[in-house]
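Visitor: I would like to hear the terms set against their cut-offs. Please keep it brisk.

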Amino acid sequence: MSGIKRVTFFYVLFYLKGFAKGDTEVCILKESCILPCSFKQGDKVLVHWNQIKGNTLVHSYFYDRDQLERQGESFKGRTSLFQDQISKGNASLRLTGVKLEDQGRYKCYTSTTNGSNDSFVDLNLEAPPSKVGIQQVGNRITCSSEEIYPQPELTWSSSPPTNLTVADTPTVHQKEKLYSISSSLIVQVGVIDLDYSCTISAGRNKRRATLFKPASINISDTKSTIPCISSNTHFKSLIWTFNHNQNILIQTSAEVPFKVSEEWRKHVKDVSESGSLVLQDLTSLQEGIYTCELSTAEETHVWSTALRIEESQSTPTVAGITVGVIFLLVVLAICIFVIYKWFKKKSEGGENNREPEAEIPLK
């Protein structure tokens, strides 16, 4: 009977130790994460990392080297210790390519000639919204994002503040444990001088997208600069589109060259530090809506500009040149005709006014 009590006691003790207080680490999905563990220095170091859920062996170290023969299949190739720090009492685990399945409680067991110790770490995961899309079609503005964790929330705002009409409650879908969210806003008729923003929050992370009031420019030249107003030159990405569906260029950061689509290479001359687009060799085919989408780590800004190309008064057209040439030819012909008539008349007049020659008398 006493043996049964002793076994029960050890099971209860192990169960309670599994729920002992430990650190909490919040890691980002698909990135690397470090689970901390330290111990008192000594010889004959032994380290065992286990995932409590399923009692899965994550990483082992003894005999002065990694021992991964019994490592759980899902952790193979993704774990490592800081080898140069083990002798200093650091048994922290680096876990790469973090998955949703990695969430949970981990135990770090360490043993040396100076004793053994258990420590626990709770691994929580987040997948912040990497991009928030915002666009306007008619009087409806739509905001959306996907591949988010945990379940996100979406809110609308405007600058200056005003009463907003939300077309629907945010729609949330879950696919393979990750969430997507979208919502629409109805723009009031006649209200144009407002900037609209939507904010998506998930866990500790939030990201905002702002749609700035549209602008328009008229030009009378074959080149123009379309503004993308930003004071932050350290942007994460820059995308220019034409008429909402034709890609012009993309730039992944301010430090790398931009990539222009094939059909726009002859028209794109440059991109300024703020993201403004410099165009050349423009024709009426390039009239339309130009949209700049500039993203930083926290925000996405979207500007739309309507470009209209006017006929230049100072630059002669083909028709104008043709009319001018014909006019000059006509004037020249008239001048030649007048001069011809004048010379002819003078010549005839000279012959009529000539005195008759004196007759020579015959001998």
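Visitor: Why is Arg208 called partly exposed?

Guide: Its relative accessible area is 36%. Buried means under 20%, exposed over 50%, and partly exposed in between, with a 1.4 Å probe and protein chains only. So 36% makes Arg208 partly exposed. This is a predicted model: local features need pLDDT of at least 70, side-chain atom pairs count only at pLDDT 80 or more, and totals for chains, interfaces and linings use all residues. Residues are numbered from 1 along each chain as its sequence is written, and side-chain values use heavy atoms, with hydrogens and water left out.

Visitor: What makes Glu299 and Arg208 a salt bridge?

Guide: The closest N and O atoms are 2.3 Å apart. The rule asks for a side-chain nitrogen of Lys or Arg within 4 Å of a carboxyl oxygen of Asp or Glu. The pair therefore qualifies. Glu299 sits in strand β26 (residues 299-309) and Arg208 in strand β17 (residues 205-211), so the contact ties together parts 91 residues apart in sequence. Strands here are DSSP runs (E, at least two residues), numbered from the N terminus; helices are H or I runs of at least four.

Visitor: How many salt bridges does this rule give?

Guide: The count comes to nine. One of them joins Arg78 and Asp102, with closest N and O atoms 3.0 Å apart. Arg78 is in the loop between β5 (65-66) and β6 (79-81), and Asp102 in the loop between β7 (93-95) and β8 (104-112), so parts 24 residues apart in sequence are tied together. Both residues, Arg78 and Asp102, are buried.

Visitor: What makes Arg308 and Glu310 partly exposed?

Guide: Arg308 has 45% relative accessibility, so it counts as partly exposed. Glu310 has a relative accessible area of 35%, so it is partly exposed too. Their side chains meet in a salt bridge at 3.3 Å, N to O.

Visitor: How do you know that β20 and β21 pair?

Guide: Two strands pair if DSSP finds at least two bridges between them. Strand β20 (residues 237-242) and strand β21 (residues 246-251) share five, in the antiparallel sense. They therefore pair. Phe242 has Gln246 in β21 as its bridge partner. The two strands form a hairpin with three residues between them, and Asn243 in the turn has a positive phi of about 55°.

Visitor: What joins β21 to β22?

Guide: Two bridges join β21 to strand β22 (residues 259-260), and the strands run antiparallel. Leu249 has Val260 in β22 as its bridge partner.
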